[in-house]
Amino acid sequence: MPKTPLITRTPLRLASAVLLTLAALNIPAAHADEVTPVAVTVDARAGLSAVPETGIGANHAIWDSRLGTDETADLLKDAGVKLLRYPGGSYSDIYHWADHTAPGGYVAPGTDFDTFMSGARRTGAQAMVTANYGTGTAEEAAAWVRSANVTKGYGVKYWEIGNENYGNGHYGSAWEADDHADKSPAEYARTVVAYADAMKAVDPTIKIGAVLTTPANWPDGLTADGDDGTWNKVVLSLAGPKIDFVILHWYPGALDKAAHVPDMIDLTRRQIAAYAGPGAERIGIAMTEFNTGSSSNGTNTQPGALAAADAYATLLANGVFTVDWWNAHNGIGAVTQVAGHTDYGDFGLLSSAACTSDGSVCEPPANTPFAPYYALRMMSAFARPGDRFVQAATDQAKVSAHAVRRADGSLAVLLINTSSDTSYPVAIGYSGFVPASGAPTVLTHTNGATDITRSTSGSATSRTLPPLSMTTIVVSPASAQTGLPGAPGQPAVSNVTDTTAAISWPAASAGPRPIAKYEVYRNNGAVAEQLGETSGTSFTARNLTAGTRYTVNVIARDSGGGVSWASPPVTFTTGTPATSSCAVRLTDQSDWGNGYVGAVEITNNGAPINGWTLHFRWPRTWQSLGSGWSAVWTESGSEVKAVNEPGNGSLATGASTTIGFVGDYSGPNVLPAVFTLNGTVCATR
């Protein structure tokens, strides 16, 4: 199998990776009774996204000679893969489906589209096809839709237009083929519209996806000469009305980046809402390539598997409709020792049986599962289509938790211990759910294991997690979940101010007893905080905090005290006061992917002032002050203060002054939203 796809397709992903150093496994493991139990909180009232049918996905590639084998299909089926992407990353932009060629690239025998579809059907997975934008045409893509869905009845629903097309040289680095003379995001967007029109004329039921940059990942935030904005702004503004989903790729480079996901997805949704036009809420988000991207820290050993399970769960809980591992097979890379095992630097789920160029190291036999394969297996056992994620959290950075509720009333809890040398006991507390006293079903995968073990053991409230392990416990409710009201429908929010928000929802279906009231809860870290209750189907939340993101659920309670499951979540962000004695406008004037120039215009709407102090707080721990001007800038932790200089301290009524700073960031860049001037909260414009 050729090794070039691994080398050439990701030239920038690893360059800026922040790599972790893992302790060797020869350090004696701490005994469980020497370690304070980790507090795990699971709140069934804090509902997150439902698990989609297509949630667990993977990529295939036409240079993979094992793409069409029954053994590969059966292994992917056993891992619970429900979506397969074709024809393979950057190869998509050189691939011509009709004659199964990819000029400039290698095409393995037995990898044509019909063979791929046969394997996808054997796996039980839907297909996602990437149409050739770089060297193809709208007519070629429409003919592919006709052949696939009209002539052969494959029913392929999801069609992407191109792959990482921002990597065509427009921003200075080029790895993606693009024959268009104009390589701007505007040209890509115009062409997406043409593709969508031609393809949907053949089959109007298909869904069209457009490529976006992933927040805080190059070239996100950059505006090239001649463009009207960033890639995402231009693409969404021009192509938004024609697309059904957007495409993100994420190779975080480090193994502890799941905390970036909520902001990553929220910022993407904000961009869609701001630029894609009316009906933008219909547009979904697909993570069609994901890999830890950390070959020296566990691409195919257990640390990478744990990072994969954490990222898959976090992405799906935040509403991404598919997460697709890169790749089913990929090939050997840099060989290292990680967590006591050989890591082959292979981005695949399954071994390619490849050897280093000098033949000194070879991978295990072909199709031997690597550790991330078991992460997908664990995910598919933990979070099944139709389950709904609920809030789960821990008080130990080395242990992460996720939870889903199931239609039968049970809860499944996924616990991930990333410590290489400590077994952590955990004490699990439940809110909105009473666990049965019997032993739960337990699934465990440990470092170096070649299978997931299943047992019925222990209790629902305590367990000890081995080092470098992932554990799922399935807990039954203490009493039968019958005769309860149904969950309220999808809430909506309107009239959001700095301190209030109007929330409404479709009524829940009553059980044997009438519904007495609805309770409104905010997801607040590890617990749900009740905002209030009402007998109707609308509620105005008050006393909210300005500039704060809220995720809210509603539950129904009947006249006998029976409680429904939580509604789907609704998320909104409060603003700042409509009127104030001061106003602030923050502008991101230029951005280079890990920093930006911020201009802060301060306007005095009140009585004249002589001397001022502006204060704001960084929203995230990965943000900091690089430098500042036109004021005396200081920073203490997340707190930032700017004090006037001698020449701009006096502001008459209606007068303004502008100061500036460089803000550094290493994760999704959520801009500061709340500013105070001399202690007064300003209106943000």
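Q: Which residue follows H4, and is its phi positive or negative? Please describe this helix and its surroundings.

A: The model is predicted, so local features require pLDDT of at least 70 and side-chain atom pairs pLDDT 80 or more, whereas totals for chains, interfaces and linings use all residues. Residues are numbered from 1 along each chain as its sequence is written, and side-chain values use heavy atoms, without hydrogens or water.

H4 is followed by Gly 153, whose phi is positive, near 65 degrees. Helices (H or I, at least four residues) and strands (E, at least two) are DSSP runs, numbered from the N terminus.

Buried residues (under 20% relative accessible area, 1.4 Å probe, protein chains only) of H4 include Ala 138, Glu 140, Trp 144, Val 145 and Asn 149. The buried residues of H4 pack (contact means heavy atoms within 4.5 Å) against strands S3 (83-86), S4 (126-131) and S5 (158-161), and against helices H3 and H5 (185-202).

The whole structure holds 39 aromatic pairs, that is, rings of Phe, Tyr and Trp (its six-membered ring) with centres within 6.5 Å; planes under 30 degrees apart count as stacked, over 60 as edge-to-face and the rest as tilted. Phe 113 and Trp 144 form an edge-to-face pair, 5.4 Å centre to centre with 85 degrees between the planes. This pair links distant parts of the chain, with Phe 113 in H3 (residues 113-123) and Trp 144 in H4 (residues 138-151), 31 residues apart. Both Phe 113 and Trp 144 are buried. One aromatic cluster contains Phe 113 and Trp 144 together with Tyr 86, Tyr 95, Trp 97, Phe 116, Tyr 154 and Trp 159.

Definitions and conventions. Buried < 20%, exposed > 50% of the residue type's maximum accessible area, 1.4 Å probe, protein only.
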